[in-house]
Amino acid sequence: MKQNLNLLKNIRTVEPYVPGEQPQTKVIKLNTNENPYPPAPGVERALQEIDADRLRLYPDPVAKILVKALAQDHGVREDQIFVGVGSDDVLSMCFLTFFNSKKPILFPDITYSFYKVWAELYRIPYECPKLQDDFHMTKEDYYKENGGIIFPNPNAPTAIYEELDFVEDIIKHNPDVVVIVDEAYIDFAGKSAETLIEKYDNLIVVQTFSKSRSMAGMRIGYAISNPVLIQYLNDVKYSFNSYTMNQASLVCGVEAVKDRAYFEKITARIVETREWAKVELKNLGFEITDSKANFIFAMHPEYDAGELFEAMKENHIYVRHWNSERIAQYLRITIGTKEEMKVLFSFLNGYLKR
Ligand SMILES: *Cc1c(COP(=O)(O)O)cnc(C)c1O
């Protein structure tokens with residue numbers, strides 16, 4: 001059929017985000033930063049106890065039980081929590097709600113690639129200050145006039161964590177715009193910016209159940225802020241879709257939050273595996289950033305990352321590689337179980353010695 005260009009003019013066209021592959025065969029899957037351990041045991045019990053008849057009814061639009069559990073866990077009030085279908089949903093709602101200036105929003109040139117997609121989708125102007133050569137942010141880049149700021153801490157895919165005083169300086173220098181700190185990986189790192197919420201009225205902290213809570217398939221994310229900003233987020237959400245959180249995600253989410261001991265145990269195990277994997281990779285000649293996340297950002301000075309990526313894939317080991325400027329020689333490797341990492345290292349040992 002012939003393209004009608006007038007028709008096209010009225011269509012919201014966008015270049016979509018490209019998620020990592022989800023192969024349907026059994027592979028060593030180190031490509032999308034999922035948790036290698038199962039969710040808390042209470043989650044499985046809750047799933048078995050779900051009454052199918054309950055599904056006739058709409059879920060609670062205010063997601064009360066989950067909001068309450070999260071508020072308790074974080075020591076904040078219930079009106080300081082906003083929940084969504086993964087943090088992607090929460091972040092997208094934040095872009096729509098808070099980034100409405102004619103001035104560009106700011107986020108790093110190397111970061112979570114969804115930010116650019118949402119900015120394009122919602123027609124928000126943006127600028128991307130360059131990370132330094134060592135992939136650290138330069139905080140002064142974020143002191144200029146802007147329409148809002150977002151960055152992950154730790155950053156992805158670099159795995160670098162900026163200390164809390166660094167984050168605070170950026171928030172402090174931007175009182176007139178909303179600053180969103182995307183803490184998808186904070187549980188593997190250091191202090192969360194949530195401790196700054198009482199002090200700054202322009203701060204939103206976003207976290208997720210997908211990484212440290214082992215529940216990427218359930219889709220739960222949340223924002224913590226002051227009641228005023230949370231109210232604005234809810235107003236937009238209820239203008240979009242009242243029932244974002246399904247019944248299963250509500251009950252399973254509560255169970256995951258309740259089991260702090262299990263959460264701490266598996267998080268510590270991943271951190272331990274990460275620190276061991278860093279040493280192994282260095283011994284194999286890789287150069288890596290000082291990861292504080294559940295993945296490692298690595299490059300080998302003597303081997304092309306694209307070729308290495310393909311060779312791993314042929315051997316059923318999936319990692320992530322981007323053909324983009326500045327990071328084309330890097331691989332992002334999710335921390336799996338120690339057994340999975342051993343398979344990776346044994347492959348690399350053979351491959352690099354050829
Ligand atoms: C994984 C990730 C998210 C989104 O995770 P959800 O599964 O949608 O909660 C958000 N930001 C960053 C930086 C991530 O890596």
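## Close-up views of a predicted model

View 1. A polar side-chain atom of Asp182 lies 2.6 Å from a nitrogen atom of the ligand. A polar contact is a pair of N or O atoms within 3.5 Å. Within protein, one atom must be able to donate a hydrogen and the other to accept it, and residues adjacent in sequence count only if both atoms are side-chain atoms. Ser210 places a polar side-chain atom 2.5 Å from an oxygen atom of the ligand. Asp88 uses its backbone instead: an N or O atom there lies 2.9 Å from an oxygen atom of the ligand. Around the ligand there are 13 residues, and the nearest are Ser87, Tyr185, Thr208, Ser210 and Lys211. A residue counts as near a molecule or strand if one of its heavy atoms lies within 4 Å of it.

**How to read the views.** This is a predicted model, in which local features need pLDDT of at least 70 and side-chain atom pairs count only at pLDDT 80 or more, while totals for chains, interfaces and linings use all residues. Residues are numbered from 1 along each chain as its sequence is written, and side-chain values use heavy atoms, with hydrogens and water left out.

**View 2. Strand β7, covered on both faces.** Helices (H or I, at least four residues) and strands (E, at least two) are DSSP runs, numbered from the N terminus. Which residues of β7 are buried on each side? Leu203, Val205 and Gln207 are buried on one side, and Ile204, Val206 and Thr208 on the other. Buried means under 20% relative accessible area, exposed means over 50%, and partly exposed lies in between (1.4 Å probe, protein chains only). Six of the six residues of β7 are buried, so the rest of the structure largely encloses this strand. In a regular strand the side chains alternate between the two faces of the sheet.

**View 3. The partners of β7.** Two strands pair if DSSP finds at least two bridges between them. β6 and β7 pair in the parallel sense, over four bridges. Ile180 stands opposite Ile204 in β7. With strand β8 (residues 221-224), β7 pairs in the antiparallel sense, again over four bridges. There, Gln207 stands opposite Tyr222 in β8.

**View 4. A three-stranded open sheet.** The strand order is β9-β10-β12, and the pairing is antiparallel. β9 (287-288) and β12 are the edge strands; each has a single partner strand, so one side of each has no neighbour in the sheet. Strand β10 (residues 295-299) and β12 run antiparallel and are joined by four bridges.

**View 5. Ile171 and its contacts.** Ile171 sits in helix α6. At 1% relative accessibility, Ile171 is buried. Contact means heavy atoms within 4.5 Å. Apart from neighbours within four places in sequence, Ile171 is in contact with Val179, Leu196, Tyr200, Asn202 and Leu203.

**View 6. Salt bridge between Glu168 and Lys199.** A salt bridge is a side-chain nitrogen of Lys or Arg within 4 Å of a carboxyl oxygen of Asp or Glu. By this rule the count is 21. In this one, the closest N and O atoms are 2.7 Å apart. Glu168 lies in helix α6 (residues 164-172) and Lys199 in the loop between β6 (179-182) and β7 (203-208), so the pair ties together parts 31 residues apart in sequence. Are the two partners buried or exposed? Glu168 is buried, at 14% relative accessibility, whereas Lys199 is exposed, at 57%.

**View 7. Salt bridge between Asp109 and Arg326.** The N to O distance is 2.5 Å. Asp109 lies in the loop between β3 (105-106) and α5 (114-121), and Arg326 in the loop between β11 (317-318) and β12 (331-334), so the bridge ties together parts 217 residues apart in sequence. Asp109 is partly exposed at 29% relative accessibility. Arg326 is also partly exposed, at 27%.

View 8. Glu264 is partly exposed at 44% relative accessibility, and Arg260 is partly exposed at 34%. Elsewhere, salt bridges that share partners join Arg274, Glu275, Lys278, Asp290 and Lys292 into one network.
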